Amino acid sequence: MSKAPNFIVIGAARSGTTALYQYLRRHPDIFMSNIKEPNFFAFENCSLDFAGPGAEFVNNSVASWGEYCALFASAPPGATIGEASPLYLWAPQAPACIKRRLPQVKLIAILRNPIEQAYSHYLYARAQMIEPLASFEAALAAQPERQRNRWQPLFQYSEFPRYAEQLTRYFEHFGRDQVKIFLYEDYLADPQSLLREIFAFIEVDTAFNPDITGHTNMGGNPKSAFLQWLVMRPNPLSRTIGTLLPLSLRQRIKDMISRKNIDRDEMPVAACDHLRMVLRDDITLLQGLIGRDLSHWVAA
């Protein structure tokens, strides 16, 4: 019998999901897929033919149920199995696909102020050398054209974090008891407490305290575009180094160089005002949906 997840971290992107994935996999009772973001339920039965820079991040998603189950084949007996794919919160078809395959699965979401999330997504794309526009306002204005040209969904910066609309789809398919929602600010304030809540939700030992040091997936505008390209994009030098160093060491070196080579500029005021205007209605709906005061998200 194929093994499959007991729980899934469905998002949101740029809201601590990479760190959460690392912390969860350190728990002795938990088995996480070695691939973070298999994205299977976001694109089940879909053609993976996205275009534009960085399209390979999505086009290389796990494409079949057999391939997906194989990710968990080595889970030890009795382990609580999970995976983390932030695209699931965004993808309209994901809730129905998950429900059909895994009707009893538990779902975890961490939500970040969508105005901050949109800009963080942009800075991440800049750091990854897949966002060619050095102006966030220009990148926002380019969204319709990019959508027409089938660029991957990351580039829809102001559409990605529409949480009320997205969570409503999940609540239509799953009972509230199966969906656990946190705020990114709660994670920043007390990550160990948030982890204990998650451990209780997925029914593993809540006394375990994972190491929560380290930083992941930093975003920002590169000081040296050439240096950032060398460490972030496939090229002959990176392929040569890849044959000499283990993956974990390569990743640490890449992260260290990238952190020193990027600037995290403040969001332009005009872009912030625009996002506040286009996302205000969704934030208002979200407040009622999850029973949290989110007025500070749209405060000037």
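Predicted model: local features only at pLDDT ≥ 70, side-chain atom pairs only at ≥ 80, totals over all residues.
Two helix pairs come up, H1 with H12 and H10 with H16.

**Helix H1 against helix H12**

- Let's start with how a helix pair is described: two packed helices get an angle between their axes and a distance between the axes.
- Helix H1 covers residues 17-25 and helix H12 covers residues 191-201, and their axes come within 12 Å and cross at roughly 60°.
- Angles of 65 to 115 degrees would count as roughly perpendicular and those under 35 as roughly parallel, so H1 and H12 are oblique to each other.
- If you look at the handedness, H1 passes H12 in a right-handed crossing.
- On the H1 side, the contact is made by Leu20, Tyr23 and Leu24, and on the H12 side by Leu195, Ile198 and Phe199.
- Sorted by class, this contact of H1 with H12 has 6 nonpolar residues, with no polar and no charged ones.

**More on helix H12**

- Which residues of H12 are buried? They are Pro191, Gln192, Leu194, Leu195, Ile198, Phe199 and Phe201.
- Those buried residues of H12 pack against H1, and also against strand S2 (30-32), strand S4 (106-111), strand S5 (179-183) and helix H11 (184-189).
- Just after H12 you'll find Glu203, which takes a positive phi of about 65°.

**Helix H10 against helix H16**

- Helix H10 (residues 163-173) packs with helix H16 (residues 269-290) at an angle of about 40°, and their axes are 8 Å apart.
- That angle makes H10 oblique to H16.
- From H10, the residues that take part are Tyr163, Ala164, Glu165, Leu167, Thr168 and Phe171, and they meet Asp282, Leu285, Leu286, Leu289 and Ile290 in H16.
- By class, the contact of H10 with H16 has 8 nonpolar, 1 polar and 2 charged residues.

**Salt bridges**

- Arg101 counts as partly exposed because its relative accessibility is 32%, whereas Glu44 is buried, with a relative accessible area of 6%.
- Asp273 and Arg276 both lie in helix H16, 3 residues apart, which is about one turn of the helix.
- Asp273 is partly exposed, with a relative accessible area of 41%, but Arg276 is buried, with a relative accessible area of 13%.
- Salt bridges that share partners also join Glu44, Arg100 and Arg101 into one network.

- Is Arg146 buried or exposed? Its relative accessibility is 5%, and the cut-off for buried is under 20%, so Arg146 counts as buried.
- Glu131 lies in the loop between helix H7 (114-127) and helix H8 (136-141), and Arg146 in helix H9, so the pair ties together parts that are 15 residues apart in sequence.
- Both Glu131 and Arg146 are buried.
- Leaving out residues up to four places away in sequence, Arg146 touches Glu131, Pro132, Leu133, Ala139, Trp151, Phe155, Gln156 and Tyr157.

**Phe136**

- Phe136 and Tyr122 are 14 residues apart along the chain, and their C-alpha atoms are separated by 7.0 Å.
- What is Phe136 in contact with, leaving aside neighbours within four places in sequence? The list is Ala118, Tyr119, Tyr122, Tyr157, Met267, Pro268, Ala271 and Leu275.

Conventions. Residues numbered from 1 in each chain as written. Heavy atoms only, no water. Buried < 20%, exposed > 50% of the residue type's maximum accessible area, 1.4 Å probe, protein only. Contact = heavy atoms within 4.5 Å. Axes fitted to C-alpha atoms, helices over the stretch in contact; angles between N-to-C directions. Helix = DSSP H or I, 4+ residues; strand = E, 2+ residues; numbered from the N terminus. Parallel < 35°, antiparallel > 145°, perpendicular 65-115°, else oblique. Left-handed = near helix turned anticlockwise from the far one by under 90°. Nonpolar A, V, L, I, M, F, W, Y, C, P; charged D, E, K, R; others polar. Salt bridge = Lys/Arg side-chain N within 4 Å of Asp/Glu carboxyl O.
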